[in-house]
Amino acid sequence: MKTCSIEGNAPSGPGAEEESAPAARKRLRVLLPLGEGGHSVEMLRLVALLGDRYEYHYMIVREDAWSEKKLPIPGTIHRCRRPHLKEKHQWKALFGYARLTLQSLAILLRARPHALVHAGPAMTIPVSILCRFLRIPIIFIETGSRIHTASKTGQFMYGRADLFIVQWPELQKEKFPDAVYAGLLL
């Protein structure tokens with residue numbers, strides 16, 4: 001399992017000196033998908049813990065008005081559509097995922113994040129795949145509601161996230177031995 005930190009993905013390459021000298025005080029951009037319910041509560045708690053040292057970009061589904069009202073630190077809001085995984089017709093769910101993938105790409109191009117941090121609602125799968133292709137580090141936090149069993153998103157992200165964090169030692173021992181146990185967010 002690779003390790004990474006948000007600080008470790010600072011701008012580099014041509015023009016980086018120009019960008020980094022005055023940017024020593026410039027904050028790194030973090031994209032946080034908020035997926036409604038418990039996933040959002042955990043991410044909002046993380047933002048409160050990290051404080052204002054990062055520039056936050058929030059990816060929120062259109063139907064979610066609650067998450068935006070609860071943001072502890074303001075940031076740019078990027079709206080997207082929920083993929084509707086429970087559609088009766090698989091082609092509709094597939095269409096929903098294709099649309100979400102295009103929306104995720106547009107969000108990544110606008111936000112230009114240094115890292116993606118999420119706790120795994122299903123809407124995060126397309127943006128995670130795109131981040132892998134674009135070499136944007138991914139930090140995945142398995143939701144605290146999972147003590148002995150892995151979420152489907154957690155199963156997908158294990159081995160794909162640059163840093164995989166669990167909130168229970170039992171889950172690390174039983175399902176994700178290469179994960180980092182970091183304690184409970186809530």
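Analyst: Let us take strand β4, residues 115–118, which is covered on both faces: A115 and V117 on one side, and L116 and H118 on the other, are all buried. Buried here means under 20% relative accessible area, while exposed means over 50% and partly exposed lies in between, with a 1.4 Å probe and protein chains only. Helices (H or I, at least four residues) and strands (E, at least two) are DSSP runs, numbered from the N terminus. This is a predicted model, in which local features need pLDDT of at least 70 and side-chain atom pairs count only at pLDDT 80 or more, while totals for chains, interfaces and linings use all residues. Residues are numbered from 1 along each chain as its sequence is written, and side-chain values use heavy atoms, with hydrogens and water left out.

Next come the strands beside β4. Two strands pair if DSSP finds at least two bridges between them. Strand β1, residues 28–34, pairs with β4 in the parallel sense over 2 bridges, and L31 has L116 of β4 as its bridge partner. Strand β5, residues 138–141, also pairs with β4 in the parallel sense, over 3 bridges, and here the bridge partner of L116 is I138. Between β4 and β5 the chain passes through helix α5, residues 124–134, in a β-α-β crossover that is right-handed; that is, with the strands pointing away from the viewer, the path from the first strand over the helix to the second runs clockwise.

Helix α5 deserves a look of its own. Its buried residues are T124, I125, P126, V127, S128, L130 and C131, and the buried residues of α5 pack against β1, β2, α4, β4, β5 and α6 (152–157). Take S128 as an example from α5: it counts as buried because its relative accessibility is 2%. Contact means heavy atoms within 4.5 Å, and, not counting residues up to four places away in sequence, S128 touches L116, H118, I138 and M157. Just after α5, R135 takes a positive phi of about 60°.

A111 is buried, because its relative accessible area is 2%. Leaving aside its neighbours within four places in sequence, A111 is in contact with R29, H57 and H78. The C-alpha atoms of A111 and T76 are separated by 8.3 Å, although these residues are 35 apart along the chain.

Finally, the wider setting. The protein chain has 7 helices and 7 strands, and read along the sequence they follow the pattern α-β-α-β-α-β-α-β-α-β-α-β-α-β. Of its 186 residues, 45% count as buried, and among contacts between residues at least 6 apart in sequence, 54% join residues at least 24 apart. A nonpolar core is a set of buried Ala, Val, Leu, Ile, Met, Phe, Trp, Tyr and Cys residues joined through side-chain atoms within 4.5 Å. The largest such core has 23 residues, and those with the most contacts inside it are M59 and F164. The elements giving two or more residues to this core are β2 (54–61), α4, α5, β5 and β6 (163–166), while a second, separate core of 21 residues includes L28, M43, I141 and L185.
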